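These are my notes from a first pass through the structure. I took one topic at a time and wrote down what I looked up.

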2 protein chains.
Amino acid sequence: MQFHHHGYVSGDPRVRDAEGTGVDRPLDLPEEMDLLIVGSGPAGMLLAAQMSQFPAVTTRIIERREGRLRLGQADGIQPRSVETFQAFGFAERIVAEAYNIAYMNFWGPDPQDPARIVRTARTEDYALKISEFPHLIVNQARVLDYFAESARHGPGRIVPDYGVEFLGLQVHEEGEYPVEVRVRHLVGERAGEERTVRAKYVAGGDGARSGVRDAIGRVHVGGASQHAWGVMDVLVNTDFPDWRTKCAINARAGNILHIPREGGYLSRMYIDLGEVAEDDNHRVRATSIEDIIERANAILHPYTIEVKQVAWHSVYEVGHRVTDKFDDVAEGESRSPRVFLMGDACHTHSAKAGQGMNVSMQDAFNLGWKLGYVLAGLSPESLLATYSAERLPVAQQLIDFDREWSSLMARKPEEITDPSDLATFYLGTAEFPSGFMTQYGPSMIEADGRHQALADGFPIGKRFKSVQVVRVCDGNAIHLGHHARADGRWRLYAFADAAPAGAESALAAWARAMSRPESALRRFTPQGADVDAILDVKVIYQQGYEEVDLGAVPELFLPRTGPLALTDWEKVYAAAPNAWSHADIFAERGIDRSGVVVVVRPDQYVAAILPLTATEELEAFLGQFLRAGAAG
Amino acid sequence: MQFHHHGYVSGDPRVRDAEGTGVDRPLDLPEEMDLLIVGSGPAGMLLAAQMSQFPAVTTRIIERREGRLRLGQADGIQPRSVETFQAFGFAERIVAEAYNIAYMNFWGPDPQDPARIVRTARTEDYALKISEFPHLIVNQARVLDYFAESARHGPGRIVPDYGVEFLGLQVHEEGEYPVEVRVRHLVGERAGEERTVRAKYVAGGDGARSGVRDAIGRVHVGGASQHAWGVMDVLVNTDFPDWRTKCAINARAGNILHIPREGGYLSRMYIDLGEVAEDDNHRVRATSIEDIIERANAILHPYTIEVKQVAWHSVYEVGHRVTDKFDDVAEGESRSPRVFLMGDACHTHSAKAGQGMNVSMQDAFNLGWKLGYVLAGLSPESLLATYSAERLPVAQQLIDFDREWSSLMARKPEEITDPSDLATFYLGTAEFPSGFMTQYGPSMIEADGRHQALADGFPIGKRFKSVQVVRVCDGNAIHLGHHARADGRWRLYAFADAAPAGAESALAAWARAMSRPESALRRFTPQGADVDAILDVKVIYQQGYEEVDLGAVPELFLPRTGPLALTDWEKVYAAAPNAWSHADIFAERGIDRSGVVVVVRPDQYVAAILPLTATEELEAFLGQFLRAGAAG
Ligand SMILES: Cc1cc2nc3c(=O)[nH]c(=O)nc-3n(C[C@H](O)[C@H](O)[C@H](O)COP(=O)(O)OP(=O)(O)OC[C@H]3O[C@@H](n4cnc5c(N)ncnc54)[C@H](O)[C@@H]3O)c2cc1C
Ligand SMILES: Cc1cc2nc3c(=O)[nH]c(=O)nc-3n(C[C@H](O)[C@H](O)[C@H](O)COP(=O)(O)OP(=O)(O)OC[C@H]3O[C@@H](n4cnc5c(N)ncnc54)[C@H](O)[C@@H]3O)c2cc1C
């Protein structure tokens with residue numbers, strides 16, 4: 001965590017100074033704004049937190065609810081989400097508070113007496129095998145609280161406008177604020193009042209029954225059939241020994257997905273209520289909590305639960321659906337999008353794979369910086385078309401995975417030939433539910449694979465997978481990727497060739513090239529801004545940290561920034577292990593020892609890999625989406 | 001973190017429900033209170049946070065300052081303090097925010113040219129070699145903020161009364177509130193008003209010039225000489241390559257202790273101003289910041305610092321002094337103490353060893369639960385005499401260490417024969433500055449060593465050094481010691497003999513004995529309270545977690561507690577490593593495999609070690625300080 005950088009900070013360093021539109025931010029929803037976010041679910045709240053890092057942009061977020069979410073909805077947090085929380089500054093807190101999944105157990109009918117269940121497999125959770133982040137279970141409300149804090153404490157000081165409902169919108173062809181939005185105030189002095197406000201862009205994170213989706217005429221495509229689950233968050237006493245372990249229970253009497261929750265006592269049970277006929281008209285929702293509990297007890301036989309408190313319950317009906325496009329531009333039309341869909345507004349799927357909240361957050365992480373760059377004048381509008389292009393295939397992939405997983409889970413015992421099927425599928429596909437399978441294809445912000453071989457372990461289009469390195473200034477082992485916060489900046493990691501700091505080398509030549517006044521770094525950085533305001537350049541030497549002489553490191557890597565023009569000491573790293581670090585990032589990620597530049601997007605995806613010598617190619621790549629000489 | 005235990009918690013689980021005196025706690029300082037804490041430094045604030053866990057007790061804390069501390073004072077946090085922060089629930093947050101010390105470097109005169117300094121040694125910091133907690137540097141103000149939060153969010157809802165000055169006190173021989181305290185309001189409506197309030201006990205954490213100390217006639221003993229330091233927290237640009245590494249710099253021109261601070265930019269420098277003559281009359285304090293900076297530059301030669309901002313500076317004069325006794329009872333007098341001294345009020349020493357704030361907090365951690373138990377009627381008053389008896393020797397030991405360390409550091413270069421002296425002393429004594437050397441002697445709360453051999457790795461009287469174990473209910477690897485929060489409870493760790501759960505064994509017999517109505521556990525637990533309200537019993541089996549059948553574990557270890565009588569699943573552990581844990585606590589701590597009970601105090605010190613068979617001895621030990629049949 002870096003601070004004191006603009007002068008001494010006495011209080012909580014997580015509370016940043018207000019800047020730009022964050023200074024004197026009006027309490028009331030204004031008439032005009034750059035970005036209007038609809039809905040404060042995981043997608044909307046992440047987007048708000050991200051936009052708070054772009055205080056030049058006026059962002060508002062409206063939410064129908066009168067205040068924070070209190071109960072229910074999703075609770076499964078995949079490692080990719082925890083990685084994202086790290087970037088937003090609250091991973092360590094939510095990990096301390098959440099249930100950490102260590103195992104998933106499988107239960108099935110006892111072959112001796114199929115009316116009883118027995119444990120058929122224990123599987124170690126995949127998260128810590130493929131990531132440095134755990135797999136968590138925690139109330140969606142708490143995730144939203146943390147993002148709300150991040151939005152409120154960022155320079156943009158963004159706070160949701162609760163009790164404001166989206167009614168409809170119209171995109172005009174002209175004008176500075178072309179999106180006209182109708183809203184209704186539900187609370188406060190203005191309760192009941194309908195208003196029209198105007199925005200440059202609208203992001204619809206308004207959930208499965210999205211009004212924004214309807215307003216732009218998008219179609220939610222997918223099977224008509226819905227799957228229904230009885231869901232309950234309960235405090236119970238029980239003799240079921242795996243009450244505190246995640247379990248898939250597949251009994252003659254039905255199926256349960258059992259999920260222990262944060263705090264050591266609460267658990268969530270998903271009791272399968274099966275496919276819902278098209279003409280059911282939500283009759284399934286009438287299923288009472290007593291019925292759900294009775295069903296749970298039948299499935300758990302010979303074990304029983306005695307329910308002491310029902311914190312929340314619901315019948316959750318969901319179909320596999322994906323919206324045909326995630327913005328308001330028709331296929332073939334050439335204008336840039338003005339309205340975007342995120343999260344459940346554009347894809348829904350079962351709760352079984354625990355993906356809903358996670359994928360929704362990644363939608364917003366993908367969209368946020370793009371809106372920030374375009375609205376701040378740093379990037380051309382055409383950047384915005386990459387949002388739908390990148391996220392739609394991810395949603396489609398998710399639906400496919402979920403369909404397979406759900407149908408495996410929904411099998412009747414007599415359909416199961418190999419009881420370890422489920423466990424095998426679960427582990428074999430672990431990268432997917434962890435959130436690490438997403439790979440974006442070539443585009444204006446994703447280079448092709450021509451130099452991929454220079455750094456095999458950083459697949460272009462996948463998220464930058466961190467490794468420990470040693471910070472030269474103080475010898476601390478730190479995760480290179482964790483230094484990159486969700487502050488909207490691009491990262492350029494210069495992995496040095498073998499020569500030490502001070503010697504002539506490809507790295508030294510790269511640093512000179514990047515330091516020229518006409519270099520990419522200078523041209524794409526707005527007038528008057530810090531040299532690392534947009535492109536945050538770091539160097540990783542192959543040597544041990546003791547061998548890197550800070551006095552001989554090019555100034556590019558020790559820039560002086562901020563109002564006091566203070567040296568930033570945290571851009572110079574060493575790869576060779578020391579007493580506190582055990583990895584060599586060059587070896588771990590197959591980085592060519594003749595030197596490589598890895599370009600990483602603000603949402604942590606690897607955008608390009610280049611040899612140190614290819615400074616013109618780097619410049620050309622950056623020029624595809626960055627504007628030279630922006631006003632700043 | 002356990003919660004939802006009294007029903008579902010939707011918000012931040014760190015904010016506990018108010019209880020007892022925490023419900024409707026008056027904003028104004030009342031006329032009468034159980035405990036009055038004077039001073040909101042590290043000692044006072046830790047005590048407030050601890051007392052917030054005893055909501056039956058009315059605790060107030062007065063502080064002369066008008067609000068929170070903003071700047072300066074101590075910043076070195078030893079691993080024992082981070083361990084303590086873990087118990088108070090904020091370790092992960094402060095670690096994320098602080099500077100983590102990885103190395104300490106030593107600089108001395110260049111033998112070729114003694115006017116210049118050169119690096120003479122790099123030493124790896126000791127913390128992570130002897131503890132799972134790091135060695136941190138962070139503003140004292142932030143430590144106080146975290147304790148303030150903990151006090152405010154605990155059931156007692158304790159908030160300091162800022163702007164109230166202690167003037168004097170008198171201890172009467174009779175009455176329910178025998179301590180009469182004179183205070184003056186400095187702010188608010190009552191500003192200027194002097195009042196008399198009454199307390200059962202007073203804890204003086206009012207710093208080096210303690211008025212409480214004077215009021216009880218205690219004498220601050222020690223050399224008359226003071227040592228003076230110019231201290232500055234500065235933002236600079238410099239070519240000194242170790243600016244972000246902790247360094248001891250020993251130059252011809254003088255000595256510097258250099259300490260990088262949190263946030264990546266700030267550093268603190270202690271510039272030695274030498275011993276102050278008795279007749280100096282604080283003239284040394286007139287040393288200007290310009291002089292201090294000039295001196296620093298002279299010492300750093302050939303490197304220079306260009307100071308961009310001075311966040312704080314001070315001339316800090318301190319002598320080696322210990323108060324003759326830490327309470328108001330004269331040697332030989334038989335009554336129980338009413339007034340206690342903590343922290344700088346009873347011991348001062350140089351800043352060099354970075355101990356001040358740390359030892360002060362441990363004073364308060366030692367005192368807090370004792371006051372809580374006596375005031376709640378759980379323990380006899382005689383318990384309070386152990387405070388001074390235990391902490392005075394610690395202070396004396398600290399002074400001795402500090403004197404040696406300071407004089408080593410203060411040597412002139414020509415006095416130094418072996419330049420690695422300092423580094424050797426520093427590492428050789430690492431357990432001391434880490435805060436782990438403290439060992440309390442036998443007393444009513446510390447058993448003698450007769451059974452020590454049963455668990456060599458848990459020396460009686462030293463703090464319980466945690467090891468990872470596997471939580472049986474969910475297979476998570478967790479630190480056994482970290483489950484024990486600063487909630488005022490005693491821990492009884494029952495390390496099982498070799499038989500598995502369910503089989504007849506010494507453990508099973510122990511559990512039966514402890515479950516009898518006339519057992520220690522029942523007798524010392526107040527009427528109507530949860531069975532683990534005072535004595536928190538946990539079991540550690542030798543087997544792997546998969547082999548421990550929760551259905552066969554004695555009910556003692558799966559108690560039903562809270563208003564809903566919910567099973568607590570987090571008291572049963574397994575020692576054999578699994579996929580996530582690599583230690584076997586029996587092997588790591590030399591625990592006898594025929595089974596052992598380890599008794600640990602609320603402040604985390606090992607109080608007794610017993611064989612499983614010695615239930616009467618255990619009962620007798622607990623009976624020395626716990627009252628049977630307390631009201632609850
Ligand atoms: C009742 C319910 C139960 C669920 N249960 C589970 C579960 O058990 N497991 C699981 O994995 N997932 C569950 N989900 C799905 C999961 O919560 C979502 O996948 C996830 O929340 C998607 O995030 P989002 O930000 O896209 O949308 P949401 O979290 O749905 O957020 C949409 C927000 O928009 C607001 N909104 C909607 N319309 C308007 C409007 N017109 N004007 C203003 N605001 C509006 C809503 O109030 C809401 O706060 C559940 C969802 C719901 C609604
Ligand atoms: C100016 C200063 C600089 C220091 N610099 C360093 C340093 O550089 N390095 C280092 O390691 N240690 C330093 N220390 C020492 C370190 O801060 C202490 O060891 C540590 O704070 C001790 O904690 P404490 O709780 O015992 O007392 P303190 O932190 O001193 O707290 C005492 C509190 O009591 C309050 N108080 C005092 N008298 C009254 C009264 N009559 N009524 C009400 N309230 C009262 C004070 O305002 C203060 O908040 C410094 C201390 C001071 C005062």
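**Entry 1: a helix in chain B.** I checked the length of helix α8 of chain B, residues 356-375, in this predicted model. Its 20 residues should span 28 Å at 1.5 Å a residue, and the end C-alpha atoms are 28 Å apart, so the two values agree. I then asked how many residues of α8(B) are buried. The count is 20 of 20, so I noted the helix as mostly covered, taking buried to mean under 20% relative accessible area. Just after α8(B) I found Gly377(B) with a positive phi of about 80 degrees.

**Entry 2: a helix in chain A.** I turned to helix α12 of chain A, residues 506-515. I listed its buried residues as Leu507(A), Ala508(A), Trp510(A), Ala511(A), Ala513(A) and Met514(A). An α-helix has 3.6 residues a turn, so residues three or four places apart point the same way. What do the buried residues of α12(A) pack against? I found three strands of chain A on the list, β23 (490-495), β24 (535-541) and β28 (596-600). The helices α13 (520-523) and α15 (615-623) of chain A are on it too.

**Entry 3: one residue in α9.** I looked up Glu404(A), which sits in helix α9 of chain A, residues 385-409.

Entry 4: In chain B I traced an open sheet of three strands, in the order β3-β7-β4, with antiparallel pairing. Strands β3 (76-77) and β4 (99-100) of chain B are at the edges; each has a single partner strand, so one side of each is left without a neighbour in the sheet. I found two bridges between β3(B) and β7(B), residues 136-137, and the two strands run antiparallel. Gly76(B) is set opposite Ile137(B) of β7(B).

In chain A I traced another open sheet of three strands, ordered β12-β18-β20 and paired antiparallel. Its edge strands are β12 (220-222) and β20 (347-348) of chain A, and each pairs on one side only. Strand β18(A), residues 321-323, is joined to β20(A) by two bridges, and the pair runs antiparallel. Here I noted Val322(A) opposite His347(A) of β20(A).

**Entry 5: how the copies relate.** I laid chain A on chain B and got an RMSD of 0.0 Å, with a turn of 180 degrees and a shift of 0.0 Å along the axis. The two copies are therefore related as by a two-fold rotation axis. Which C-alpha of chain A is nearest the axis? I found that of Glu92(A), at 3.1 Å. Both copies use the same surface, as 100% of the contact residues of chain A recur in chain B.

**Entry 6: the contact between the chains.** I counted 69 residues from chain A and 69 residues from chain B in the contact. The two chains bury about 6,000 Å² between them, with 54% of it on carbon and sulfur atoms. On the chain A side, Tyr8(A), Tyr265(A) and Trp580(A) lose the most area to chain B, together 14% of what that side buries. I also found six salt bridges between chain A and chain B. I looked up the pair Asp12(A) and Arg142(B), whose side chains meet in a salt bridge at 3.6 Å, N to O.

**Entry 7: salt bridges inside the chains.** Side chains of opposite charge can pair when their charged atoms come close. Lys325(A) and Asp327(A) form a salt bridge at 2.6 Å, N to O. Lys325(A) is buried at a relative accessible area of 13%, and Asp327(A) is buried at 1%.

In chain B, Arg491(B) forms a salt bridge with Asp487(B), with the closest N and O atoms 2.5 Å apart. Are the two partners buried or partly exposed? Arg491(B) is buried at 2%, whereas Asp487(B) is partly exposed at 21%. In chain A, salt bridges that share partners join eight residues into one network: Asp487(A), Arg489(A), Arg491(A), Asp532(A), Asp536(A), Lys538(A), Asp568(A) and Lys571(A). Within chain A, Arg491(A) is buried at 3%, and its closest N and O atoms with Asp487(A) are 2.5 Å apart.

Definitions and conventions. Residues numbered from 1 in each chain as written. Chains lettered and ligands numbered in written order. Predicted model: local features only at pLDDT ≥ 70, side-chain atom pairs only at ≥ 80, totals over all residues. Heavy atoms only, no water. Helix = DSSP H or I, 4+ residues; strand = E, 2+ residues; numbered from the N terminus. Pairing = 2+ DSSP bridges. Least-squares fit on C-alpha atoms with pLDDT ≥ 70 in both. Contact = heavy atoms within 4.5 Å. Expected span 1.5 Å × (residues − 1). Buried < 20%, exposed > 50% of the residue type's maximum accessible area, 1.4 Å probe, protein only. Buried area = accessible area lost by both parts, 1.4 Å probe. Salt bridge = Lys/Arg side-chain N within 4 Å of Asp/Glu carboxyl O.
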